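Me: Please take a close look at one part of this model. I would like the place where the two chains meet, and then what surrounds it.

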Amino acid sequence: MLKQEISIQTNDFSLADEVALLEEDNVTDGAVVTFTGRVRNNNNGNSVTTLTLEHYPGMTEKSLAKIIIQAKDRWQLGRVKVIHRIGELSIGDQIVFVGVTSKHRQDAFAANEFIMDYLKVKAPFWKKEQITDEGKTSENWLDAKNSDTDKADLWS
Amino acid sequence: MIKIVFFAALREQLDCAQFSLPAADAKTVNDIKQLLSDRNEQWQQTFSNTSLLSAVNHDMVDGNHLVKSGDEVAFFPPVTGG
């Protein structure tokens, strides 16, 4: 049974296990929509080697809980699960998971996208990337993107 | 006292993760920002960044938000998770 809706963790997660938890003993929901975010090997033309995720313990959970409540107010949802990893991650690693179930697909698709869009601009996570440029390694904090703010604003 | 915490690039620029101020010194989040800016030139420069976000007791707030003793006030750069 799905015990908690939010998990902030250093360890990896299994998409199959998460889907199983969303579906277990759940015969009312016909739609399961999942999103998985992964570490890319490139950003702004630089070659990324690793990514370090920092967050604000306490506020992270509170902000995600608020986003989930908002999603449940807007759409008819069954189960919701949000996982975000922290710490050091490598290329191809899974970073984030959002899983939503609903009776019908429209609500599940919309709610999943809404949760990701809001997570991007409201949840206190910060990415620092380690990059290699012409053999030299350096690290820098990622800048927030205006496109993420614009996307989230579309829901308001 | 008011507990003040910093995150990510801001924490590194200040070389400081947390700080305390007597509650009587500040009425609002902006007051706190001003007091921190007044510490030295490095902090003044860092806090002149207008994109910094603030939170009180884990909720995002604006600069006019009132603060009181026991509050946890956080300053950080725009978020980049997901």
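Reply: Start with B:Phe7. Leaving out residues up to four places away in sequence, B:Phe7 touches A:Glu54, A:Tyr56, A:Pro124 and A:Trp126 in chain A, and B:Ala74 and B:Phe76 in chain B. Contact here requires C-beta atoms, placed from the backbone, within 7 Å.

A note on conventions. Residues are numbered from 1 along each chain as its sequence is written, and chains are lettered from A and ligands numbered from 1 in the order in which they are written. The model is predicted: local features need pLDDT of at least 70, side-chain atom pairs count only at pLDDT 80 or more, and totals for chains, interfaces and linings use all residues.

Now the interface. On the chain B side, 14 residues are in contact with 21 residues of chain A. Helix H1 (8-14) and strand S5 (72-76) of chain B each supply at least two residues of that side. Helices (H or I, at least four residues) and strands (E, at least two) are DSSP runs, numbered from the N terminus. The chain B side holds ten nonpolar residues, four polar ones and no charged ones. In this scheme Ala, Val, Leu, Ile, Met, Phe, Trp, Tyr, Cys and Pro are nonpolar; Asp, Glu, Lys and Arg are charged; the others, Gly among them, are polar.

B:Phe7 also belongs to the largest nonpolar core, which has 45 residues. Such a core is a set of buried Ala, Val, Leu, Ile, Met, Phe, Trp, Tyr and Cys residues joined through C-beta atoms within 7 Å. Buried means 20 or more other C-beta atoms within 10 Å of the residue's own; exposed means 12 or fewer; partly exposed lies in between, with C-beta atoms placed from the backbone. The members that touch the most others are A:Ala71, A:Ile115, B:Phe7, B:Ile32, B:Ala74 and B:Phe76. Helix H3 (residues 105-122) of chain A gives the most to this core, with six residues.

Next, the partner. Chain A has four helices and nine strands. From the N terminus their order is β-α-β-β-β-α-β-β-β-α-β-β-α. The radius of gyration of chain A is 16 Å, close to the 15 Å that the globule rule gives for 156 residues, so chain A is as compact as a globular protein of that length. That radius is taken over C-alpha atoms, and the rule is 2.2 Å times the number of residues to the power 0.38. The C-alpha trace spans about 55 × 35 × 30 Å along its principal axes. Of the 156 residues, 30% count as buried. Among contacts between residues at least 6 apart in sequence, 75% join residues at least 24 apart.

Finally, a loop in chain B. B:Asp15 lies between H1 and S2 of chain B. Its phi is near 55 degrees, a positive value in a residue other than glycine. B:Asp15 is exposed, with 8 other C-beta atoms within 10 Å.

Note on methods: Two residues are in contact if their C-beta atoms, placed from the backbone, lie within 7 Å.
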